[in-house]
Amino acid sequence: MRRDRLPLTYDECRARFRRAATEVGLTTAAHPISARGPAGQELTLDTTWVGPRSPSKALVLLSGVHGVEGFVTSTMQCELLGRLDPGALAPDLGVLLVHAVNPWGMAWWRRQNESNVDLNRNWRRDDIDPPRNEAYSELHPLACPDTPDLPAVADMLAAAAALVTERGLAWVRDGITVGQYEHPDGLHFGGQRTEESNRLLEAITAEHLVGVDRALILDLHTGHGPPGEITLLSDAPPGSPQDTFLRTHFPTARVEATADNPDATTGLKVGQIANGIRDALGDAECWSTSLEVGTTPDEAQLAATYQEQWVHRRGDRSRPEHAAVVWAYRGCFTPDDPEWERLALEGGARQLDDALAALGG
């Protein structure tokens with residue numbers, strides 16, 4: 001598929017995904033959610049399947065779990081379809097592509113879904129009693145201030161720096177990012193029930209992965225890590241079978257174990273989608289990871305998220321200064337930088353090809 005530029009709207013990404021599948025003789029299925037887009041349009045999770053219908057091995061590729069991160073990862077999926085010959089796949093390998101797991105967030109340029117829920121903290125929420133994030137409860141007034149006007153980033157960063165000095169970087173970082181379940185208007189809210197998109201995704205994967213005894217789930221994201229570089233986040237200790245598998249089969253990616261690793265730059269999270277799909281496969285030999293394309297420094301992401309969350313809670317996107325906040329937030333996760341785009345897509349293509357090779361495809 002020819003790519004003229006990186007799409008920045010959900011509608012264009014969805015159209016390109018459907019076209020990319022059709023051009024290589026594949027069919028797509030649309031799974032609508034109840035929420036609507038900015039123009040009142042229907043929003044869907046779209047899927048396509050490559051390979052035999054009942055394989056023993058499967059590769060699952062997810063884009064747009066965090067909607068605003070979905071534009072370059074959607075393009076990765078489309079470009080894979082453009083170069084993937086279904087007839088050349090191993091006869092026992094199938095590939096499931098799920099486009100825009102969070103279509104509302106993608107359409108509205110938000111990480112969260114229509115209920116302000118981070119879907120990657122929400123998998124099978126109905127079945128779990130998540131831990132209480134005491135640190136976030138302390139941080140919530142700072143992270144989501146009820147000010148009448150757009151809050152100043154400098155004041156927030158100064159207060160956060162003071163907390164880092166007092167409590168440590170890990171306490172502040174994990175308090176904000178690992179997920180919380182008590183503040184519905186807050187950051188990384190995991191929800192009070194399993195959200196519609198995750199219910200649909202669970203049904204989609206259950207239908208397609210019947211009988212699979214070996215699988216790899218790649219959840220494609222942007223944000224974490226050095227700009228343009230690929231990091232694979234693994235919720236398994238260093239030296240574990242999963243850590244070894246990722247380091248062996250993805251030699252050009254940075255692999256970061258987030259469990260039992262004093263050098264980890266992010267903490268363990270509850271309700272993650274890739275891990276949930278892996279666990280649903282029971283006794284199958286299965287690996288799961290978040291593939292991250294690095295974008296901007298953590299402080300810039302924190303500042304952009306801080307102001308965007310305020311605009312969502314109390315602002316008005318039709319006001320120029322509030323629209324500028326949303327635009328800056330989008331740019332943190334899809335930078336307006338041709339060199340970053342080149343690195344992201346070339347690096348992403350290598351990892352997707354390595355994923356196929358890891359399963360013998």
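Select Thr258 and show what surrounds it. Beyond its neighbours within four places in sequence, Thr258 is in contact with Leu233, Ser234, Asp235, Ala236, Ala264, Thr266 and Leu268. Keep in mind that this is a predicted model.

**Stop 1: Thr258**

Where does Thr258 sit in the chain? Thr258 is in the loop between strand E7 (254-257) and helix H9 (273-280). Is Thr258 buried or exposed? Buried means under 20% relative accessible area. Thr258 has 7% relative accessibility, so it counts as buried. Now show the side chains of Thr258 and Asp235. A polar contact of 2.4 Å joins them. Keep Asp235 on screen for the next stop.

**Stop 2: Gln272**

Select Gln272. This residue lies in the loop between E7 and H9, and Thr258 is in the loop between E7 and H9 too. Which side chains make polar contacts with Gln272? One is the side chain of Asp235, at 2.3 Å. Another is the side chain of Asn120, at 3.4 Å.

Now widen the selection around Gln272. Leaving out residues up to four places away in sequence, Gln272 touches Asn120, Trp123, Asp235 and Ser290. Gln272 counts as buried because its relative accessibility is 12%, and buried means under 20%.

**Stop 3: Ala100**

Go to Ala100. Ala100 is in the loop between strand E4 (93-99) and helix H3 (103-108). Check the backbone here. What is the phi of Ala100? Phi is positive, about 65°, although Ala100 is not a glycine.

**Stop 4: Trp109**

Move along to Trp109. Trp109 is found in the loop between H3 and helix H4 (134-143). Its phi is positive as well, about 60°, and Trp109 is not a glycine. Is Trp109 buried or exposed? Trp109 has 18% relative accessibility, so it counts as buried. The cut-off for buried is under 20%.

**Stop 5: Ala203**

Select Ala203. It is in helix H7 (residues 196-208). Ala203 has 47% relative accessibility, so it counts as partly exposed. Exposed would need over 50%. How many residues separate Ala203 and Val50 in sequence? They are 153 residues apart in sequence, and 18 Å apart in space from C-alpha to C-alpha.

**Stop 6: the whole chain**

Zoom out and switch to cartoon. The protein chain has 12 helices and eight strands. Its C-alpha atoms fill a box of roughly 60 × 45 × 40 Å along the principal axes. A compact globule of 361 residues would have a radius of gyration near 21 Å; the protein chain has 20 Å, so the two agree.

Colour by burial. Of the 361 residues, 57% count as buried. Then look at contacts across the chain. Among contacts with a separation of 6 or more, 78% come from residues 24 or more positions apart.

Show the surface again. The accessible surface of the protein chain comes to about 14,300 Å². Carbon and sulfur atoms account for 52% of this surface.

Finally, colour the charges. The protein chain has 33 positive and 52 negative side chains. How far apart are the centres of the two sets? They lie 3 Å apart.

Conventions:
Residues are numbered from 1 along each chain as its sequence is written. This is a predicted model: local features need pLDDT of at least 70, side-chain atom pairs count only at pLDDT 80 or more; totals for chains, interfaces and linings use all residues. Side-chain values use heavy atoms; hydrogens and water are left out. Helices (H or I, at least four residues) and strands (E, at least two) are DSSP runs, numbered from the N terminus. Buried means under 20% relative accessible area, exposed over 50%, partly exposed in between (1.4 Å probe, protein chains only). A polar contact is a pair of N or O atoms within 3.5 Å; within protein, one must be able to donate a hydrogen and the other to accept it, and residues adjacent in sequence count only if both atoms are side-chain atoms. Contact means heavy atoms within 4.5 Å. The radius of gyration is taken over C-alpha atoms; the globule rule is 2.2 Å times the number of residues to the power 0.38. Accessible areas come from the Shrake-Rupley method with a 1.4 Å probe; for residues, only the protein chains shown count as cover. Lys and Arg count as positive and Asp and Glu as negative; His and the chain ends are not counted. The place of a charge is taken as NZ of Lys, CZ of Arg, CG of Asp or CD of Glu.
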